[in-house]
Structure formats: structure tokens, C-alpha cells
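Please read them alongside the sequence and the coordinates.

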Amino acid sequence: MSKIKYFLKQSWLLIICSFCFGLLIAVVNAACLDRIEKNKIEKLNSLMSGLMPKAEQFEKAESFTIKTTQGKEFESNIYKAIGSGGVVDGWAFNCQGPGFQDKIELVVSVDKVFARFNGFAILASNETPGFGDRIKNSFYRNQYIGAPAGELQLVKTGNTETIDSKIVAISGATVSSKSVLNIINSNVRQIKAKMIDKGLLSNGK
Amino acid sequence: MANELELSGNQYKDTFLAGLWRENPVFRLLLGMCPTLAVTTALKPALTMGYSVIFVLLCSNIVVSLMRNLLKPHLRILMFTLTIATFVTIVDIFLKAFQPEMSAMLGPYVPLIIVNCIIICRAEVCASKNGLGVSIIDALGMGIGFTLALSVLGAIREIFSTGKIFEIQIMPDWFVPCAAMAMPAGAFITLGMLLGLVNLISKRKS
Amino acid sequence: MDTVTTLVLGFISIVVVNNLVLTKFLGICPYLGVSGRIDMAFGMGLAVTFVVTLSGTLTWLIDHLILMGTPFEVTRYVCFIMVIAGAVQLVEMYLRKFFPSLYDSFGIFLPLITTNCAILGLCLFINLWGIDNLAEAVVLSFGAGIGFTMAICIMAGIRENLNLANVPENLQGAPITLITAGLLSLAFMGFAGMIR
């Protein structure tokens with residue numbers, strides 16, 4: 001009994017403070033939770049509407065479990081872009097995979113039959129500043145706009161203006177360029193197959 | 001009585017100024033090196049980190065100072081860490097809610113404020129021995145000193161690595177951005193040079 | 001990739017490619033503080049390795065068994081730092097009781113370790129990288145400790161020689177150490193991109 005008393009005597013302040021602080025965190029968290037969720041959605045929406053300026057609204061259509069090239073699984077959300085008059089304008093989805101140093105998370109957008117890309121945007125990346133992070137630049141990103149949504153190839157030199165499946169790598173950041181390309185290739189393939197399975201996309205007929 | 005007030009006024013001013021230069025946490029006491037190096041790739045994250053630290057430092061100093069007479073010696077450090085961790089969690093939630101971009105950029109370095117030696121050091125050295133007033137002033141002085149140091153480092157690195165500051169181009173066209181300044185190596189070397197400079201200036205002064 | 005390859009690659013990556021001290025700036029304070037002599041640096045490194053392995057594993061377990069998916073996730077940081085503080089205390093008591101000689105050799109560093117960013121940093125990075133099996137978490141924690149020991153020992157070796165060099169007066173001490181660390185980190189950038 002005296003042991004418990006001793007214990008309480010030593011640590012009452014700690015116990016009371018733990019409760020108070022716990023309460024404080026709970027209150028702050030409850031107050032901010034909605035805003036945090038809203039921020040996330042807003043960021044995704046603004047990126048997606050940057051890729052598909054014609055779309056008026058985005059609707060979450062489906063979510064699939066996708067494997068990265070490293071064999072890790074993650075959840076990919078597919079958004080349906082709805083243009084004026086309620087027609088489906090295209091699709092957008094988030095995907096991720098290994099980059100040069102850390103994982104890269106992207107939003108990729110394709111047209112409504114999965115035939116051509118509308119481009120991609122970067123959700124989160126941690127590439128080397130000044131080299132790998134140039135995957136954010138228009139030189140690299142613009143090459144994806146209009147490219148056929150099949151297997152893309154990376155080339156060292158070539159014309160960046162022509163719209164084809166050849167993507168010119170950023171000099172000094174070949175690995176990062178390749179990572180983005182691989183992520184997009186592997187994800188589009190998997191997602192396309194799953195979309196067809198679900199009947200959201202006709203089988204090319 | 002008047003004399004006493006004047007004295008305490010001087011003491012406040014002294015405590016405040018100490019944090020800015022004489023005992024500047026980064027340049028003088030070499031505390032809190034981890035965020036100093038990690039978040040100063042540009043001025044904006046440096047400032048964000050700066051005011052987060054000011055907030056945590058202020059709150060933890062106030063709490064510690066209020067309960068300084070109740071603290072048991074061997075549970076002291078545990079109490080400090082608990083207090084600091086709570087306020088850091090709050091800052092983290094606020095950043096996520098109101099500055100999502102900065103929160104993503106700072107990443108794990110926000111929770112790492114918990115182990116920022118400045119805060120625990122001020123709690124131990126100042127707040128657990130002094131009254132509320134001195135503790136608050138001390139927290140403000142130290143916090144602003146830390147923010148200043150971070151901003152200087154952030155500004156230098158941003159200018160040299162991109163030629164911009166706050167995303168506004170300031171360097172002339174012939175300037176070639178030096179990407180290495182944004183990398184870890186640039187952080188270490190810039191801070192080393194700045195410390196050398198501070199040593200030089202303070203030696204000249206005395 | 002099978003599990004063993006993942007583990008080996010993970011280990012190499014945390015030791016050299018993503019070395020906590022030189023690429024993530026974690027644990028700079030003790031790095032500057034005790035890297036003056038190589039024997040002390042080694043002692044510190046061992047103590048850190050010990051604690052980081054223990055707390056990395058424990059925090060992973062707590063995160064996955066208790067916190068994940070519950071509203072208590074917001075208290076993650078508080079839980080992590082409490083686990084670390086507790087682990088340090090336990091290790092200190094255990095060593096003092098059962099291995100007094102070991103305690104004498106690195107006991108003095110133990111209280112310092114609670115505020116070593118490398119430990120909390122690693123726990124946070126394990127959470128951030130989404131490591132989802134225990135073996136990988138243990139290997140990464142251990143690797144982080146080894147990486148820290150390596151970085152601090154290299155630095156101590158250099159600093160012992162720096163004592164004999166003619167360093168400008170204003171750069172002596174911490175400034176030259178930081179500049180050296182910068183050069184070391186440039187060297188370690190050569191490993192970047194090797195894995196992942």
C-alpha cells in the first residue's frame with residue numbers, strides 16, 4: 001500500500017499533466033481535422049484541374065490496390081473528370097514508386113478511353129535539388145501531354161516537340177526521369193487492366 | 001522601489017538581447033543544429049521552422065516556469081519532454097491545417113523539434129529556475145535569435161542555389177545557380193563559414 | 001524481390017546511401033560534441049546503436065499494434081519520445097546492474113542520447129517510409145546505428161589529424177568540423193542512387 005502511495009506522491013504531477021496535455025491535443029486535433037482533410041482534397045483537385053482544365057468537377061470513381069515496381073502495395077484512387085454537360089472528360093489517378101532517393105508520388109491523367117495522356121503532376125518527391133527535381137519542369141512534363149498511354153520509352157536525345165511515345169531524359173537526371181517513366185508505365189498498365197475488369201472501360205472495341 | 005523596477009527592466013532587456021547575439025543558440029551555443037541544417041534550403045521553410053520553434057519554446061517555458069516548484073528532480077527531464085512533445089504535436093497539426101505546403105516540405109523535421117536541444121536546454125537552464133516574466137522574455141529572445149540565424153542561412157543558400165529569394169529573381173542573368181548549395185554539403189559548408197565569420201566579428205568587437 | 005535481398009539492400013541503403021548524419025542531418029549535436037577523440041566517438045556510436053535498435057523496434061511495434069488506424073494516431077510523437085526516454089532509462093539501469101564495466105565505458109553518453117535527433121528521427125522515418133514488416137524495421141534501426149557509428153568514427157579520425165593542421169584561427173573548433181562534414185557528405189553523395 002505504501003508503495004502505491006509513494007508512487008502517487010512522486011508522479012501525481014506527471015499523471016495530471018499527461019491528462020491535460022492529452023485533452024489539449026485532442027481539442028486541437030478535433031478543431032483542425034476537417035481542414036487538414038480539406039487541404040488534401042484541394043491540393044489533389046487543383047493538380048488535377050491543372051492537368052485537365054476543361055473538367056468542371058472530379059468524382060472519386062474507384063480505388064484499386066496497385067503494386068509498385070518494388071513489390072509494395074498501395075491504394076490508388078481513380079477520379080472521374082466530368083466536363084461541361086456531365087460527359088466524362090478523362091480519368092486521373094494517384095500513383096507512386098521508387099525514385100532516385102525516396103519514393104515519388106504522382107497524379108497522372110489520361111483521356112476517357114485511356115488512349116492518350118493529359119500529363120502528370122508531382123504530389124510529393126524528394127529528388128536531388130537542382131538535378132532530379134527538374135522532373136517538375138515543363139521541359140520534361142510537357143513531353144507527356146498527348147503521348148499515347150501505352151508503353152513509353154526513355155531516350156537520351158531526340159525531339160521534345162513531337163508527340164510520341166519517346167520521352168527525352170533530363171540530362172544529369174537520367175535516373176529520376178527513368179523512375180517517373182517506370183512508375184507511369186507500370187501503373188497505367190495495372191490500372192487499365194483493372195478498369196477493364198470492373199467494366200468502367202470498354203475493351204478497346 | 002523605483003530602482004528595483006528599473007533593475008528588473010534592465011534584466012529583461014539583457015535576457016532578451018543575450019538570445020539575439022551573445023548567446024545566440026545557433027552561432028554561439030551550437031544548439032539545434034539538426035533543423036538549422038536541414039530546413040534552410042530556402043528562406044520560407046527556414047522562417048516557418050523559426051516561428052514554430054518560437055511557439056514551442058514560449059509555451060514550454062511558460063508551463064515549466066509555472067510548475068517549477070512542483071518538479072521532482074528525477075522526473076524533471078521526463079516532464080520537459082512530455083510538455084515539449086505535446087506542443088510540437090499541436091504545431092504539427094496547425095501547420096498541416098493552415099500551411100499544408102510548408103508542412104509537406106518540412107516533413108519529419110517538425111516533430112524533430114521535440115529533440116531540438118534549444119528547448120530542453122532553456123527549460124532546464126532558465127525556465128525551471130526563473131519566474132514567468134524572465135522565462136517568457138528568454139524564450140522570445142532565444143526563439144528570435146534562432147529564427148534570425150536560420151533566416152540568414154536560408155537566404156544565403158536560396159540565393160546561391162537558385163538566384164531567387166522568396167521565389168523572386170534577384171540575381172543578374174549571368175549568375176549560374178550552384179545546386180550544391182541546396183544539398184547537404186552546401187548546408188554544412190555554409191554554416192561552417194558563417195560560424196567562422198561570427199567568430200571573426202566578435203573578436204574584432206572585443 | 002525476396003525478403004533477404006530487401007533486408008540486405010535496406011541495410012546498405014541506411015548505412016551509406018541514406019546515412020542519417022550526412023544526408024538527413026540527424027544527430028549533429030553529439031556528432032560535433034564527442035567526435036574529438038576516436039575512442040569516445042566509438043563508445044557513443046555503440047551506445048546509440050544499442051538504443052536506436054531497441055527504440056526503433058519498440059516504436060514500430062507500438063505504431064503498428066496500437067496506434068495505427070485509431071484516433072490515437074495524433075499522439076504518435078508523444079508516444080515515440082516517451083518510448084525513447086524509457087528505453088534509455090531501462091538500458092542505463094540494466095547496464096549499471098549487470099555490466100558495470102560496459103556501463104563505465106559508455107554510461108556517460110546514455111543520458112545524452114534521449115535528445116539525440118538520430119533516434120527519434122529514425123523512428124519517424126520508419127513511419128514515413130511506410131515500413132510494413134518487423135524484420136525490415138529491426139534491420140533499418142540497427143543499420144542506422146551502424147551508419148551513425150561509422151560517420152562519427154570517420155569524423156573523429158579526421159579531427160585527430162586536424163589537431164596537427166594549421167587551421168585559420170577563426171575557423172578552429174566547430175566551424176572546421178562542419179566544413180569537413182560538408183566535404184564528407186559530398187563524398188557520400190557518390191553513393192546516392194545506388195539503391196532505390
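**Notes on the predicted model**

1. Chain C averages a pLDDT of 83, with 94% of the residues scoring at least 70, where pLDDT is the predictor's confidence in each residue, from 0 to 100. Within chain C, confidence is highest in helix 9 (residues 134-162), at a mean of 90, and lowest in helix 7 (residues 110-113), at 73; helices (H or I, at least four residues) and strands (E, at least two) are DSSP runs, numbered from the N terminus. For the complex, the predictor gives an ipTM of 0.83 and a pTM of 0.84.

2. On conventions, this is a predicted model, in which local features need pLDDT of at least 70 and side-chain atom pairs count only at pLDDT 80 or more, while totals for chains, interfaces and linings use all residues. Residues are numbered from 1 along each chain as its sequence is written, chains are lettered from A and ligands numbered from 1 in the order in which they are written, and side-chain values use heavy atoms, with hydrogens and water left out.

3. The fold of chain C consists of ten helices and zero strands. The C-alpha trace of chain C spans about 60 × 45 × 30 Å along its principal axes.

4. Turning to the interface of chain B and chain C, the contact (heavy atoms within 4.5 Å) takes 36 residues from chain B and 36 residues from chain C. The area buried between these two chains is about 3200 Å², of which carbon and sulfur atoms give 82%; buried area is the accessible area (1.4 Å probe) that two parts lose on being put together, summed over both.

5. Which residues form the salt bridge between chain B and chain C? The count here is one salt bridge, defined as a side-chain nitrogen of Lys or Arg within 4 Å of a carboxyl oxygen of Asp or Glu, and Lys203(B) forms it with Glu169(C), the closest N and O atoms being 3.4 Å apart. On the side of chain B that touches chain C, helix 2 (33-38), helix 4 (76-98), helix 6 (117-127) and helix 8 (184-205) of chain B each supply at least two residues, and helix 8 gives the most, with 13 residues. By class, that side divides into 26 nonpolar, seven polar and three charged residues, where Ala, Val, Leu, Ile, Met, Phe, Trp, Tyr, Cys and Pro count as nonpolar, Asp, Glu, Lys and Arg as charged, and the others, Gly among them, as polar.

6. The contact of chain B with chain A takes 24 residues from chain B and 21 residues from chain A, and these chains bury about 1900 Å² between them, 83% of it on carbon and sulfur atoms.

7. Over all chains, a search of the whole structure finds five salt bridges. Arg76(B) forms a salt bridge with Glu124(B), the closest N and O atoms being 3.1 Å apart. Because Arg76(B) lies in helix 4 and Glu124(B) in helix 6 of chain B, the pair ties together parts that are 48 residues apart in sequence.
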